[in-house]
Amino acid sequence: MLRRYAGPFFFYVMATAIAVIVLIPFFWMISTSLKSKGALTAVPIEWIPEEISFEGYRKVFDVFPFARTILNSAFVAGLTTVVRLAAAAMAAYAFAKMRFRGRDILFAAVLATMMIPQQVTFIPLFLVMKELQLINTFTGLIAPSIFNAFAIFMMRQHMRTVNDAYLDAAVMDGATHRTIFVRLMLPLSAPILATLAVIAFMDAWNDYLWPLVMLSDPNKMTLPLALSKLSGQYATDYNTLMAGSLISIVPIVAVYLAAQKHFKAGLQVGGVKG
Amino acid sequence: MPRVSKHNGWFAAIWFLLPCLTGLILFNLIPVAGAFTLSFTDWDGLKPIAPKDGVPAFVGLDNYASILGGDEFWRVLRNTAVYIVLYIPLILIASIAAAMLLHRPYRGVSVYRVLFYIPVLTSWVAGALIFKSILSPEYGGVNDLLNQFGIKGPGWLYDPNWAMPGIVLASIWKDMGFFALIFLGGLQGIDSSYYEAAKIDGAGPWRRFRHVTLPLLSPITFFVTVICLIFSFQLFPQVMIMTDGGPHGATQVMVERIYRYAFSYFKMGYASAFSFILFAIIFLFTWLQLKLQKKWVHYDA
């Protein structure tokens, strides 16, 4: 009898212990964001604020165009996702289902760029943007996402699994490549597109280095950059900084949770198809 | 290949490839070539480029020589080594343990999976700010918890010896969920007949883990280790937010230096040379590990 419960008992104790350790920093963030400035340096430490204060939340919108920042982040992340996926899907179609001279060499070159980290190219990329007069613009911030080797690779692998018989049938009916791509390939790629969309959105929402280099106008900044600027100016106002951090985390967690359902649906579709 | 592909070639393909090729050339090939060229010059990023007037001046290997000949580079490398030595064993243990738990078929396991993953969704800037606050020596939660156990906590980010461990702590918290999911994928790929066989032979849970799980997981462990090594050399936001490279340069790392030289000191040539040294190191590790891979990784036949 005891043996039967030992397994689940061990599981729940260990998993809960790890979950508590993972969640303590988030609990700390929420608790700190609800403290008044005076309570931040109270000894002994108030894990739960004795008095709830919204000072931090008020201040983050007062001293910075923070509402604007949230919109900027949503706009930049949304557009980055669309641009990255559209360009990658098109290229992936050509690599998977078209035949042209030098295709495999070109694809190898695309894959090879994955070896080059962003940290090597960001200086000259900044100079390219300066030449194009795109510093401090969303265009300059988003443009590089038109090429993403990982997305191209994943899409291409997926599209290769689509049976050529579908394409042949479409050609019989007089379909062009554009029709095949839009009507056939994109719908069949929905599961992988959904997965890559979440990855792209997260990348753009959380990116720091590239916005740091590109944006200096507070009205154009995205959330991570705005938070880092705030932490430079109000280094000890942790209630303000934690309020801002919480605001930046909630939407992306919500997106992830909403997308999770799609992941499952996507997997099922794949299963039926396979 | 479908019949369509017989009559297309480049003429049809170019329209599909155009966005990707533009990005490849404009935002990848040109920048890499540009950075390589700049790394042999003394350009300050401000003077307009005019090769005829000798701007920027070609300085040969001077930038590389001065980086590799100075103390700073080696200090930065040592800081990174401290990070790697602490981070890699801890992240492997934490994420394998988490994956083992997430692999159990109990009710509510998907809730734990989401909980473990929330730090991965958090931006590094927000995560670093949280840890800067919670690691505060006097008013932070970590030292308060240590106090409950009668341990006097260190000065963390204010102490040259403890700043890097503080950053490692934040990184483990942030990355565990990500690598746990990769290990989980590996665990799900292990055929359960191995465990049945081990059980029949009388192997207990620990011996099954040691002699079945770990060897069969080694390709994933290897992959994760390589990724972690490469990521370790790209450490950036946590350093910028938590310590700004301090105290006394104890957490200065390569990308932080590259950013400083380029955008605070306007030494574009020097910074470009630095970034190519970073590239060389990352390349070397990838290559070395790929060579070693065959020696100790056990692939399931």
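Residues 114-135 of chain B are 86% helix and 0% strand, with end C-alpha atoms 25 Å apart; helices here are DSSP runs of H or I, at least four residues, strands are runs of E, at least two, and both are numbered from the N terminus. This is a predicted model, where local features need pLDDT of at least 70, side-chain atom pairs count only at pLDDT 80 or more, and totals for chains, interfaces and linings use all residues. Residues are numbered from 1 along each chain as its sequence is written, while chains are lettered from A and ligands numbered from 1 in the order written.

On to the partner chain. Contact (C-beta atoms, placed from the backbone, within 7 Å) links 69 residues of chain B with 70 residues of chain A. H1(B) gives the most to chain B's side, with 19 residues. By class, that side has 51 nonpolar, 15 polar and three charged residues; Ala, Val, Leu, Ile, Met, Phe, Trp, Tyr, Cys and Pro count as nonpolar, Asp, Glu, Lys and Arg as charged, and the others, Gly among them, as polar.

Within chain B, H5(B) packs against helix H7 (residues 163-188) at an angle of about 130°, their axes 10 Å apart. Axes are lines fitted to C-alpha atoms, for helices over the stretch in contact, with angles running from 0 to 180 degrees between N-to-C directions. So H5(B) is oblique to H7(B), given that under 35 degrees is roughly parallel, over 145 roughly antiparallel, 65 to 115 roughly perpendicular and the rest oblique. From H5(B), B:Trp124, B:Gly127, B:Ala128 and B:Phe131 meet B:Leu169, B:Ala170 and B:Lys174 of H7(B): five nonpolar, one polar and one charged.

Methods
Contact = placed C-beta atoms within 7 Å.
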